[in-house]
Each structure stands twice: as structure tokens, then as C-alpha cells.
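Dear colleague,

I am handing over the structure below for you to look through. My notes on what was found in it follow directly after.

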Amino acid sequence: VLKGSSLEMGIEYGANLKEELNQALGIIEDFYIVQHKVTYAQLKERAEQLYKRFPEEYKTFLTGVAVGSGLNLNDTKILNAMETYTGLINQEDVKCAFLFIPNSKTLTGAAMIGRNYDYPAPFDKLANLLTVTILKENGKIPTAFISIAGEAYCPSCVNSKGIFIELNNGTPSGGRSININTETMLSKMLETLQISKSLSEVNSNLNNVQSDYSLIVNAADSNNAYSFEFSSTLGMHSFIPNIGQTFASTNFYLNPIWGNSVPIPTDATTWNGVTRRNNLLN
């Protein structure tokens, strides 16, 4: 649980997770540098590309992480960008999924939210370092990001108002291009939960932004779910399930408004995403 300025919170994060951060860095370097002959310079370059798209507040946080942990700033950047290295060795892409079951369909009478954070190796080892970090910044809604130690953003987040948000890879529909001229969606998601008191406010705050990656951002509260289908080149269309309906999202867009501008989803092009979604709904 972190309080204070961005720098102070980063320092405390680094100090409290020093052991975990060093473990994560060792796993990443062993997998990419030792096993797959990727150079440290290549990891650093890929990490720098993401770092440039973070706002200054986040950069200050990462500086604090370096101070608190004793790692150098380049190492903290490499840790923060651990999701982006699959392309360096042509790994199979990620297969994240999201599931929302409304309260009318559960035994407890409470809605259920499921999230599968599916990454290839070395995340099988990094998964042991999953961390919940709560940011309590002055004037902002307390928000937790759930991530591997060193990922200082929002693979999955939940705030004190009961709003959950997560991201799925959307490149099978939106394309692989990266928009380097916009703030990364990885930070915008966390920022959105820190200022949103309701799901409708999340909707308002995400409706007029661009994404650097093609992503499917799913959000839910105790009653409803929203899905935001971002393409790095084609913009965004939201998909709002019918109230009381079980909703599942994998790695392709669901809003029919996309029409012929995106490929027709098949298992072959969505990492079995069509079948995976059907399985979740069933």
C-alpha cells in the first residue's frame, strides 16, 4: 500500500519489492539473454520505446523504484516493459480472456468477474511474483494494480468504488501497428480508475482517447460490463452487453459496427479465441 508523491511511492515500491524485482529481472535476463541470445541492449531499446509513451508522473515513479530497489533505471524500464518482448523472439501471442457473470446467474447473488492473464514463457516463472499494489494518492480514488513485480501499470486494476478493468490483446482485429504518438493505454487505464467513481465515468473517460496498441479493454462493476475495442490505427468502438447477460471477451472485436474494416474472426487467426469465448459462455 503506497502513499505520497509519485517519487515517494516509487521508492517505497522498490524498497518493499527489492527481492521480487531482482528475481523478476533474473528470470527475464536468463530467458531472453541466456536462452534466446537477445542482447541487453535490445531489451533496453524495446523498453525505452514504451517508457517514452508514459506520462512524466509514471517516469518519476520508475525513478523512485530504481532508488528504492538499488536497481539502475534501465533495469526498472526493462521490468516495466516485460509484456512487450514476445516479438523479439517471435513467440506465440498472448491469449487473455475476460468473463462477467451477472448477479442474476450466480448462487450468491453477487456478480462474478473472471480474468485470464495468459502469457508465454517466462511468465510461467514470473507468475510466482504476482503482486497487488494499492496507490493512495491525494485527491484520487484508491486503486490497486495487479501485476508481476516491476509492471507499474494496469494489466488488471480495481478501485475502491468496486470497478474492475483489464486488457486483452486485440491485434487479430485491430492490427499490430503501434501508435508511438500517443500516451500508452497501459497508463491511461490506471489513470482512468483513479478518477472514475462509476462505470459510466469509465465509459466517458475512455471514449475520447487513442491507444498505442490494439487492445480490448474490459471493465465491470457489480452490475454491468463494458468493453472498449481499441485499434491503434482505426480508432475505438465500445461494446456494451445487454443487462443481465453473461459476457465473455477474448482477442477479437465483437461490435458489428467495425464491419469489413477488420478481419472476420476465426480460430486460426485469434489463437482459438472464437472457441475459447464460446467455452467461457457455455
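**Notes on the model**

Ile11 is partly exposed, with a relative accessible area of 32%, where partly exposed covers the range between buried (under 20%) and exposed (over 50%), computed with a 1.4 Å probe and protein chains only. This is a predicted model, in which local features need pLDDT of at least 70 and side-chain atom pairs count only at pLDDT 80 or more, while totals for chains, interfaces and linings use all residues. Residues are numbered from 1 along each chain as its sequence is written, and side-chain values use heavy atoms, with hydrogens and water left out.

Ile11 is found in helix α1, residues 6–16; helices (H or I, at least four residues) and strands (E, at least two) are DSSP runs numbered from the N terminus. Together with Leu7 and Val67, Ile11 makes a nonpolar surface patch of about 230 Å². Such patches consist of residues with over 30% relative accessible area and no salt bridge, nonpolar side chains (Val, Leu, Ile, Met, Phe, Trp, Tyr) being joined within 5 Å and like charges within 9 Å; a salt bridge is a side-chain nitrogen of Lys or Arg within 4 Å of a carboxyl oxygen of Asp or Glu. Accessible areas come from the Shrake-Rupley method with a 1.4 Å probe, and for residues only the protein chains shown count as cover.

An open sheet of eight strands, with mixed pairing, runs in the order β1-β4-β5-β6-β7-β8-β9-β10, two strands being paired if DSSP finds at least two bridges between them. Because β1 (2–3) and β10 (235–239) stand at the edges with a single partner strand each, one side of each is left without a neighbour in the sheet.

Some backbone geometry may interest you. Most residues other than glycine have a negative phi, and most peptide bonds are trans. The peptide bond from Ala121 to Pro122 is cis, with omega near 10°, and Pro122 lies in the loop between β3 (112–116) and α6 (123–126). Lys37 has a positive phi, near 60°, and is exposed, with a relative accessible area of 65%.

Best regards
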